[in-house]
Structure formats: structure tokens, C-alpha cells
Amino acid sequence: MKPAAARGRPRWILDEATGTWTTAVDRWHTGFVDLSGEQGLLGQVEGRTIAAVTGWLNQRDPAWRQHVAFVAIDMCTIFKAAVRAALPQATLVVDHFHIVQLANQALTEVRRRVTVQIRGRRGRKGNREWELRNRLTRSAARMHGCQLDPMVDDLRALPARLGSPILTAWNAKEDLLDLLALARTHPDRSVIAERLFHFYDRCAASCLPELERLATTIETWWTEILAFIQTGITNAGSEGTNRVIKTTARDAYGFRNPENQRLRTRCATTRRGRGYLNPA
């Protein structure tokens, strides 16, 4: 499941009986995508609430719902609660892209905070930690030694109060990436436990609030993260469908009617399932 792109400003109507304003047109759509086959976008509902998601799922055939074994979602408590209510037998899987995004965000927050504390201002050109900001968020496994080693040396050369927290946050991020890299390798539970403990231990020893918050989030979603490591399932298909939905909205210069938008996006995202393939 993936919240689709914003379709525009929400519309409100006044309930004369209660004197309150209610949503007539929600700004968001939630999409349901077939990740195992070629059916593409299964459906869309307006809004991203528990009621909207469970309402669409409960309208499906009971036999269809029973055959749903895995559901890949963003790290969204709304989707988590909705799936638990409507598909209790399904295994929830958190997409690893959003976990990496959280780790990079925690690292960036540490860098910005200590820069302001030490330098009394935001980072700028000439500040080595600011110049390394993009390299810090890259995976070390995808970096050449001529980039990785100088980056670590530059951080160690900074004043300890500045470089040490940033390097610690970077190492914690890499510990988490090492844990996620076990996906699709059929790892032993002891290997998973060892890497998870290494990540938790570094976050706890750092005394950095950003890393402590990151560790708490990982602990909260650990069951769903473990499901990703064991299955390798992601919602990449949902992300691709969401990109098509955004492109369709841009090509139309926006939609005034939510129903027209749903019909257009469903047509654009189910061509493969309906047999319409691009010519070679």
C-alpha cells in the first residue's frame, strides 16, 4: 500500500446540523498494488485513514482476502493498523528504502545540530562536515576506498566535539545497512541477532538523541523489518505505480474530479495486465 500523490487542495463542506466542516474531497489517495503478478493497480480509495483502507479491503471477496500472505507497506501506523484489522493472517513487511531514509535523516540531524552548537551557525562551504553531507548518506558498500578512507580521515581531523558525533552517527547508519543487507541471503538467526545487537549497542553508547530515537523506531517496527530480511519483499512496485500516478496527473495538468483521476490512473497502471504492451 502506498499513499498516492496529492491530487490538489482538499475541499470542505459545512454540516449545517452540527456546524462543523467535513472533508468533501480528500487531498490523498491510497493505492493497492499487486506486487506478485502483473495486475498493477488493484484499486484506489480517497484518503489515507484506517476506515478508508479497511473499507476497501472488506469489500473484497473473503476468499481473495484469505489468499493474501504478505503486505508491503511504508512505515505508517495507519496502514499497519488497517492491515491487522482486515487481513489478520497476512505478514506485514516494511519497505527497506524507508528504513534507510530514516537512518540518513538521523545522521543529517546529528550533523546539523552539532554544527550549530560548535560553529554557532549552519554549515556552509569551507566547513568539511558540510562538504561531506552527500557522501555521508551514501552506502559505504557502494563507495570506493579513495572516497571512503579520506572521508573518515577528514571527520577524525575535525574537532572532537564536531567530528566524533557525526562519525558515530555514520557508523550507526552503516550498522543498520549491514543488517538490511542480509535480505535474500537466507541468514541464520544468530547472524541477524548479532548485527542487530551491534546496531543497538552503538546507538545506546552514543548518547545521541537522534540515534536513540532511531533505535526506538527500529525496535517498534522490528517484526516487520525482520519479515523483510527473511523474505526480501519490498513495495518497489507500489513506488513505481505511484510515479505513474504522478506523471498522469502532471500530463493532465491536475484533476478537478477525483473519480476521473482514479479512472485515468487505473488505465495507465494496468496496461500490462490487460495485454497492452509497448511495441519492441
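**Figure 1. Overall view of the predicted model and its accessible surface.** The protein exposes about 15900 Å², of which carbon and sulfur atoms supply 51%; areas come from the Shrake-Rupley method with a 1.4 Å probe, and for residues only the protein chains shown count as cover. This is a predicted model, in which local features need pLDDT of at least 70 and side-chain atom pairs count only at pLDDT 80 or more, whereas totals for chains, interfaces and linings use all residues. Residues are numbered from 1 along each chain as its sequence is written, and side-chain values use heavy atoms, with hydrogens and water left out. Of the 280 residues, 41% count as buried (under 20% relative accessible area; exposed is over 50%, partly exposed in between; 1.4 Å probe, protein chains only). The protein contains 13 helices and 7 strands, taken as DSSP runs (helices H or I, at least four residues; strands E, at least two) and numbered from the N terminus.

**Figure 2. Close-up of helix 7 and helix 8.** The axes of helix 7 (residues 145-157) and helix 8 (residues 160-180) come within 8 Å and cross at roughly 145°. Axes are lines fitted to C-alpha atoms, for helices over the stretch in contact, and angles run from 0 to 180 degrees between N-to-C directions. Helix 7 contributes Leu148, Met151, Val152, Leu155 and Arg156 to the contact, and helix 8 contributes Gly163, Ile166, Leu167 and Trp170 (contact means heavy atoms within 4.5 Å). These residues divide into 7 nonpolar, 1 polar and 1 charged; Ala, Val, Leu, Ile, Met, Phe, Trp, Tyr, Cys and Pro count as nonpolar, Asp, Glu, Lys and Arg as charged, and the others, Gly among them, as polar.

**Figure 3. Close-up of helix 9 and helix 10.** Helix 9 (residues 189-206) packs against helix 10 (residues 209-220) at an angle of about 145°, with the axes 8 Å apart. On helix 9 the contact involves Leu196, Phe199, Tyr200, Cys203 and Ser206, and on helix 10 Leu211, Glu212, Leu214, Ala215, Ile218 and Glu219. By class, there are 8 nonpolar, 1 polar and 2 charged residues in this contact.

**Figure 4. Close-up of Asn104.** Asn104 is placed in helix 4 (residues 96-119) and counts as buried because its relative accessibility is 15%. Apart from residues up to four places away in sequence, Asn104 touches Thr137 and Lys173. A polar atom of the Asn104 side chain lies 3.5 Å from the backbone oxygen of Thr137.

**Figure 5. Close-up of Asn127.** Asn127 lies in the loop between helix 4 and helix 5 (128-131) and is buried, with a relative accessible area of 5%. Leaving aside residues up to four places away in sequence, Asn127 touches Arg119, Arg121 and Arg122.

Technical notes. Polar contact = N/O pair within 3.5 Å; in protein donor to acceptor, adjacent residues only side chain to side chain.
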